[in-house]
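Here are a few notes to read alongside the model.

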Amino acid sequence: ITTLATLGLVGGLSTLAMAQQTAGEVGLNFIRFGSASVNANYDEPDEVFPDLVALGCDTIRQVATADVNWWSTYLGGDYADPASYDFSGPDQAIRNTYGLGMTPTLFQIGGDSAVNAGAPDKSYLYTPDAEILDVTDPVVEAKVRGYVRVMATRYLGEVAYWEVANEVAAYGKYTAKMYADLLVVCADELKQVDPNNQVVVGGIAGTVHQVLLNHTTWLQNVIQAGGAAGIDVYNYHYYDRWDLMLSGVQNLKSMLALEGEGGKPLWATELGSSYLPSNTPPHSPTGSETEQAADVFRRFAVATGNGAEFVAWHTWLSSSEAPNYTWSGFGLRKSTGAPVLSYSSYGLYTSKLAGVQDCVPLSEGVGGIWAYRYDINEGPGLVRRWVAWCDDATGATTFNLSEANAARMLITEVVPNPGGGWTTRLEPPDAIALTTQPVLIEPNCLAPDGYGIGKVTSLGTLPVMGWAGTATLSANDLMLTVSGGVPG
């Protein structure tokens, strides 16, 4: 199996051991186990999780056949009785020994899987007894409360972020008021078990741009129906062209601000594109391995630069290679297990841009340039790095990174070369060559005035333009004690 270790990246990855109940930062969506498998060599935790850790993934979401949704765990009987559930699936995902966190999905992941498990149709959310999931019905409310309490109690201290269903606006007859009521009941039960439990709204769909706009309006209706009282984290998905993504995200954020919800965390739990060209949405006719690898950085940068505290790629292992199947070719690996170019790009992103303290857009389409500044917690201080590219209409240009204050910048093309390695070069910050494929930009050699000569006498333990350590000045001499290494 080709892994990041064989590509020379794993040595640069930070330790990912973490308490599973903490919030993640960079994750992967829709991991397949057991009967959901598309490849028998990649369907057991010990076959999957080591690779996810090596990639730098810290959190998984939507684990097919190993999630807490009641269509795969409920056996029958009293919903409030733990004996009514089969926990073998979620136990192996949530209680993994690799330090991976998990955000479980309550009730159901998708309409098709629910129907396959016995739901009457995809028009509503249902209980396993075929009742519409309307908690104003006392019988249904009791079942919901029993189920949620059982799950929250079993995974107390192991899970603190709980997503309530997924892309709920897609169930055409399930109303915003029904979902608002469901959120409030779930929040009440989860926080009775542990006040630190957080409710993540089911990600609003973004298969194509208009869908995100429509589902944003539906989410606004949920908020206005009282659902905000049951939401701690907002959540969206996006699969359409990367250059349309910004306007969709800005529309969502504007709506949240208008409703007084702009201060809550925002996640992007499904971002992706396919390496298979197709006219079948959410594919693109220009899809390729190169474009998908570039999209990892484009989509993560747009999301993170616009407030997303957690981003997740869809997906790790592709479901198939059929060009016209809706969800084929979205993985970092093919369905055969072979890595595609995005596998390395994802690993590069986590090795250089995880640990974000701040991400600021410097340019979002102005003059065709897209550029983002990342301040990364690394070692004892902060490291500053940048990601930049230009749009298709521009094709190629140069970028003046005036704030860099460095004599030379190390430029890394984020799409790996065919051998899996990285193409790098040194350029002055005032003339960085950009194309449609993003580059990672790091200081390579600091300009003398970057140290503040003649301006200060001590820099203490604060980071100095990409250095991690302690710097002091005596007259015009710089003394640098590096306690965390020199990034880059």
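1. Strand 5 and strand 6 (residues 198-201) pair in the parallel sense through four bridges; strands here are DSSP E runs of at least two residues, helices are H or I runs of at least four, and both are numbered from the N terminus. Two strands count as paired if DSSP finds at least two bridges between them. Within this pairing, Val164 stands opposite Val201 of strand 6. To get from strand 5 to strand 6, the chain passes through helix 6 (residues 176-193), a right-handed β-α-β crossover. Right-handed means that, with the strands pointing away from the viewer, the path from the first strand over the helix to the second runs clockwise.

2. A word on the source: this is a predicted model, in which local features need pLDDT of at least 70 and side-chain atom pairs count only at pLDDT 80 or more, while totals for chains, interfaces and linings use all residues. Residues are numbered from 1 along each chain as its sequence is written, and side-chain values use heavy atoms, with hydrogens and water left out.

3. Strand 5 also runs parallel to strand 4 (residues 105-106), joined by two bridges, and Leu106 has Val164 as its bridge partner.

4. The largest nonpolar core has 113 residues, and Phe107, Val144, Leu182 and Tyr236 touch the most other members. Such a core is a set of buried Ala, Val, Leu, Ile, Met, Phe, Trp, Tyr and Cys residues joined through side-chain atoms within 4.5 Å. Helix 6 gives the largest share, 11 residues. Beyond its neighbours within four places in sequence, Phe107 is in contact (heavy atoms within 4.5 Å) with residues including Trp70, Val144, Val164 and Leu182. A second, separate core of 14 residues includes Ile369 and Leu434.

5. Now for the backbone. Most residues other than glycine have a negative phi, and most peptide bonds are trans. Phe30, in strand 1 (residues 26-32), has a positive phi of about 60°. Gln62, in strand 2 (residues 59-64), has phi near 55° and is buried, with a relative accessible area of 3%.

6. Two peptide bonds deserve a look. The bond from Pro281 to Pro282 is cis, with omega near 5°, and the bond from His314 to Thr315 is cis, with omega near 15°.

Terms used. Buried < 20%, exposed > 50% of the residue type's maximum accessible area, 1.4 Å probe, protein only.
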